[in-house]
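Thank you all for making time this morning.

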Amino acid sequence: MADGTVFTTQRLRRARFAVAAVFCVHGAVTGSFATRIPWIQEHAGVGAGQLGLALAFPAIGASLAMPLAGAISHRFGARTALRGLLALWTLSLTLPSLAPNIYGLCAALLVYGATAGMSDVAMNALGVETENRLGRSIMSGLHGMWSVGALLGSAAGTVAAHLGGDARLHHLLAALVLTVLGLISCQGVLDLHSAPEEEAPPRFALPPKSALVIGAIGFCGVFAEGASLDWSAVYLKDELGTSAGLAAASTTAFALTMAVARLVGDRVVDRFGAVRTVRVGGLAATLGGLLVVFAPHAALAMAGFGLIGLGVAVVVPLAFAAAGRSGPNPSQAIAGVATITYTSGLVAPSAIGGIANATSLVLSFGLVTLLTFGLVVGAGVLRPGARTRTGDASEADAVQGVR
């Protein structure tokens with residue numbers, strides 16, 4: 001978004017906290033929904049197979065709708081677009097629990113995913129723009145706040161489920177609270193507008209080549225993340241004979257590792273640069289994958305999953321940041337990378353299950369290990385090709401020099 005407005009350092013810092021709050025609200029919606037899936041399944045009267053089909057619709061809706069975010073931001077401005085799209089996303093939380101059957105559930109999740117994807121692109125584009133103007137990395141921390149929001153939403157959902165609360169009432173209350181919080185948060189983000197001579201991005205377009213290359217790195221990171229989140233507990237229980245409680249604890253530990261690593265990741269990126277950070281992270285994740293594959297007992301496997309989480313935590317934030325700097329239409333590039341990463345998140349659990357069914361879970365995580373090594377090989381594509389825009393040119397040059 002070619003807006004030449006100059007903001008003070010204080011205003012940029014306020015915008016950073018505001019967009020971080022937006023990420024937290026966005027994550028809280030996901031956490032609120034995920035914890036009530038069993039209630040929604042029972043209410044809609046669907047079996048496991050039908051539920052698996054329905055849960056593909058959020059990714060389908062997101063992939064179809066994400067390219068629209070750039071055109072909306074161009075027409076209405078970044079702040080107004082984010083305000084509207086985030087409100088649609090928070091309010092869409094009410095839809096899945098109202099679905100009476102599989103058809104209604106698929107339709108509800110399609111809308112849920114579409115609003116998730118558009119608001120995701122809008123907030124990441126604003127996050128990248130804020131990062132560029134600040135002249136230092138903030139994207140990892142923003143995604144860390146998303147993880148914090150998801151944990152808070154899931155904690156509230158767990159309490160509601162434990163109390164036997166109706167998910168329709170729970171999600172209505174959560175949607176209203178999160179909508180208000182989202183609108184308040186949006187007041188502080190940068191109010192950016194496209195230049196009058198800037199051509200509007202197409203409503204639907206194939207991702208640019210730069211997004212495809214950067215998206216490949218995102219694909220590797222998200223595949224490893226999705227596989228570990230969904231299958232780590234099963235791996236420990238079935239392959240290493242651990243108790244169900246210990247297996248479940250490994251998944252929680254993995255999620256916490258991801259959140260903490262993202263919250264501190266910006267300092268690491270600013271010190272060592274995006275490329276070096278992802279390469280070292282890829283090595284850590286590859287070592288973790290090898291520990292999982294060859295672990296003779298649960299402790300080593302859990303350490304391996306922890307290393308995978310630590311290694312891939314900053315990959316997606318840095319992929320979005322690189323996409324936002326890769327061409328004249330940041331929203332379009334970010335939408336392309338988001339589409340690829342969403343697809344990876346959709347494919348990973350079923351691919352791991354398919355390979356495990358044909359061979360074994362050990363071989364499945366052999367594939368994960370190969371993909372994490374792909375981060376080491378391909379990290380160079382995250383090197384920024386454009387100068388950051390800050391009020392101090394010499395500071396910008398210094399920041400760009402370490403990335």
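Predicted model: local features only at pLDDT ≥ 70, side-chain atom pairs only at ≥ 80, totals over all residues.

How many disulfides does a search of the whole structure find? The search finds zero, where a disulfide is taken to be a pair of cysteine sulfur atoms within 2.5 Å.

Residues are numbered from 1 along each chain as its sequence is written, and side-chain values use heavy atoms, with hydrogens and water left out.

Now to the overall picture. The protein chain has 17 helices and zero strands, these being DSSP runs numbered from the N terminus, with helices (H or I) of at least four residues and strands (E) of at least two. Of its 403 residues, 53% are buried. Among contacts with a separation of 6 or more, 84% join residues 24 or more positions apart, a contact being heavy atoms within 4.5 Å.

Let me turn to the charged pairs. The structure holds four salt bridges, each defined as a side-chain nitrogen of Lys or Arg within 4 Å of a carboxyl oxygen of Asp or Glu. One of them joins Arg325 and Glu131, at 2.2 Å from N to O. This pair links distant parts of the chain, since Arg325 sits in the loop between helix 14 (315–324) and helix 15 (330–358), whereas Glu131 is in helix 7, 194 residues apart. Arg325 counts as buried because its relative accessibility is 11%, and Glu131 is buried at 2%. Glu131 also has a side-chain polar atom 3.1 Å from the backbone nitrogen of Met139, which falls under polar contacts (N or O atoms within 3.5 Å, one able to donate a hydrogen and the other to accept it, with residues adjacent in sequence counted only if both atoms are side-chain atoms).

Helix 7, which covers residues 102–134, holds another bridge, between Arg133 and Glu129, whose closest N and O atoms are 3.1 Å apart. These two residues are separated by about one helical turn, because they are four residues apart in helix 7, and both are buried. By contrast, the bridge between Arg168 and Asp166, at 2.8 Å from N to O, involves partly exposed residues, with Arg168 at 37% and Asp166 at 29%.

Finally, what makes up the nonpolar surface patch of about 450 Å²? Its members are Leu91, Leu169, Leu172, Leu173 and Leu176, and four residues, the largest share, come from helix 9 (residues 167–186). Such patches join nonpolar side chains (Val, Leu, Ile, Met, Phe, Trp, Tyr) within 5 Å, using residues with over 30% relative accessible area and no salt bridge. Leu169 counts as exposed, because its relative accessibility is 51%. Ser185, also found in helix 9, is instead buried at 11%. A polar atom of the Ser185 side chain lies 2.8 Å from the backbone oxygen of Leu181, and Ser185 touches Ala18, Ala21 and Val22, leaving aside residues up to four places away in sequence.

Definitions and conventions
Patch = residues over 30% accessible without salt bridge, like charges linked within 9 Å, V, L, I, M, F, W, Y side chains within 5 Å. Areas by Shrake-Rupley, 256 points an atom, 1.4 Å probe, with all protein chains shown as cover. Buried < 20%, exposed > 50% of the residue type's maximum accessible area, 1.4 Å probe, protein only.
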